[in-house]
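Good morning, and thank you for coming. Today I would like to walk you through one structure, beginning with the place where its chains touch.

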Amino acid sequence: MSWILNNLPLILDRLWAHVATSLPAIVLALLISLPLGWLAHRYRPLNGPVLTGAGLMYALPSLPLFIVLPVLIGTGVRDAVNVVVALTLYGVALMVRSVSDGLDGIPPEARSAATALGYRPLRRFLAVDLPLAGPVILSGLRVVAVSTVSLCTVGAVLGIPSLGLLFTDGFQRGILAQILTGIVLTVALALALDRLLVLTGRLLMPWARTPSRRTSRRSHRAGGVERAVTPS
Amino acid sequence: MISYGSVTKRFRDGTVAVDDFSLSVPRGSLTVLAGSSGCGKTTLMRMVNRMVDPSEGRVAVDGQDVAGQDPVALRRRIGYVMQNSGLLPHRTVGQNIATVPRLTGMDRSAARRKAADMMDLVGLAPELANRYPAQLSGGQQQRVGVARGLAADPEILLMDEPFGAVDPLVRADLQRQLVELHHQLGTTILFVTHDMDEALTLGDHIVLLQAGARIAQQGTPKDFVSAPASDFVRDFLGLDRGQRTLRRETAADGSVLLVDPHGRPAGVLAE
């Protein structure tokens, strides 16, 4: 406990570095996945290659990637940008399928009704397709958020600041409190982010929670949660 | 006014959904396209707002070929009510009804007032405006669908089996209301159904279609019942099975009953 109190500024520093690395990666993964997922959904021949390609990215081992990336994009080995890029790639790998599944799951009658009402294609995508795919996209984003926060710690092996540095450093110096602080804060950050996403979802998609009068109706809330297997 | 001139629709797989179809739907009429599933009736209707484009022939609204018109602008001035209501599940009732007014640039508060007026018109309680479609009964959803179709004051309303999924009692109520609305607003309504009873109840002009959208018979409900043009028509109406042939029978209290071939009373005779 005294270690924590004595090192509060350091802990906050690491926490901030962790947020500053993982958050941009999560946002970028979402932004990149939207067009890719749309392509996979819209053009059937692209569906296989895009989804398989994205899935394969997740199979890249993270440590070698951290070492190769600086060579490819011309950054320094210790640059946090490497981690952001790598985490974005892993995020996209998970997210693309959620976006494509979410768009596939839109009730065809809602889409056809929107066209018949006189929506232009882009506006229909933004005002009808995207919100209706929202619950599935959100469940994918929750997985990405949690896995990104946990993966972010791997950068510590290369000395890139994050909460991970607390446990690599604590391990080398034999300070148990430091190791535990790193682990607990990583988990807490992941849970907090997940909670935040759930609340944002409720705010943005109140309709997805309304109890249905007909029990037989398809639920949008159900599908789409994928298993997160963290590569190491 | 809607007119079809020698319209043919061939789909990519080679099936001919509509084969050389011509029809003129007079302004202000309630015309029913009836026929069993796969006869091309929905395809015909979707040609009016360019959801489907004909392979040959022309479809014109008020004398203007729709092929030359921007489909989006065309759709916004033609109301469309579909099966299972087709409501947008993520929009409230009020927002659903206000969709087209909003798309055409009406400001939010005016669109909200318009939606409230439409809800009143179709008999929906104002407090339903903030509900989501999934929170409504099937009959209420259909009313919202009709209100949405009429919200932009269209001259033409297309209705694709709108009452197919509701129970008979509610359906009868919706049908009665549609006839009233039609008298009140004078909108040209093109109505698609596979239910001949519905066609007879609603249509002031009925077009009965066979496969390939070939016209088996067209005319008023009375024409159909009194002078069916072919065996197909007799069969479709249920005349063959005697379902529409009623006998008089005098009840114990002296009133005259009309009884169907199975001996079930269909109603009483008003002299």
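The contact draws on 26 residues of chain B and 24 residues of chain A. Please bear in mind that this is a predicted model. The size of an interface is often expressed as the accessible area lost when the parts come together. Here, about 2,300 Å² is buried between chain B and chain A, and carbon and sulfur atoms give 60% of that area.

How many salt bridges cross the interface of chain B and chain A? The rule finds one. Its partners are Arg120(A) and Asp70(B), whose closest N and O atoms are 3.1 Å apart. There are also five residue pairs in polar contact between chain B and chain A.

Which elements of chain B give two or more residues to the side that touches chain A? They are helix H2 (71–76), helix H4 (99–103) and helix H6 (138–150). The largest share, four residues, comes from H4(B). By residue class, this side of chain B has eleven nonpolar, eight polar and seven charged residues.

Let us now consider each chain separately. For chain A, the unreviewed UniProt entry places the feature "transmembrane region" at several stretches, among them residues 15–38 and 80–100. In the model, residues 15–38 of chain A are 100% helix, with the end C-alpha atoms 34 Å apart. Residues 80–100 of chain A are likewise 100% helix, and their end C-alpha atoms are 30 Å apart.

Chain B is assigned domain 1 (2–245) and domain 2 (246–271). The C-alpha centres of these two domains of chain B lie 35 Å apart.

Technical notes. Residues numbered from 1 in each chain as written. Chains lettered and ligands numbered in written order. Predicted model: local features only at pLDDT ≥ 70, side-chain atom pairs only at ≥ 80, totals over all residues. Heavy atoms only, no water. UniProt positions renumbered as here; feature names shortened; annotations may be inferred. Domains from an automatic or database assignment. Contact = heavy atoms within 4.5 Å. Buried area = accessible area lost by both parts, 1.4 Å probe. Salt bridge = Lys/Arg side-chain N within 4 Å of Asp/Glu carboxyl O. Polar contact = N/O pair within 3.5 Å; in protein donor to acceptor, adjacent residues only side chain to side chain. Nonpolar A, V, L, I, M, F, W, Y, C, P; charged D, E, K, R; others polar.
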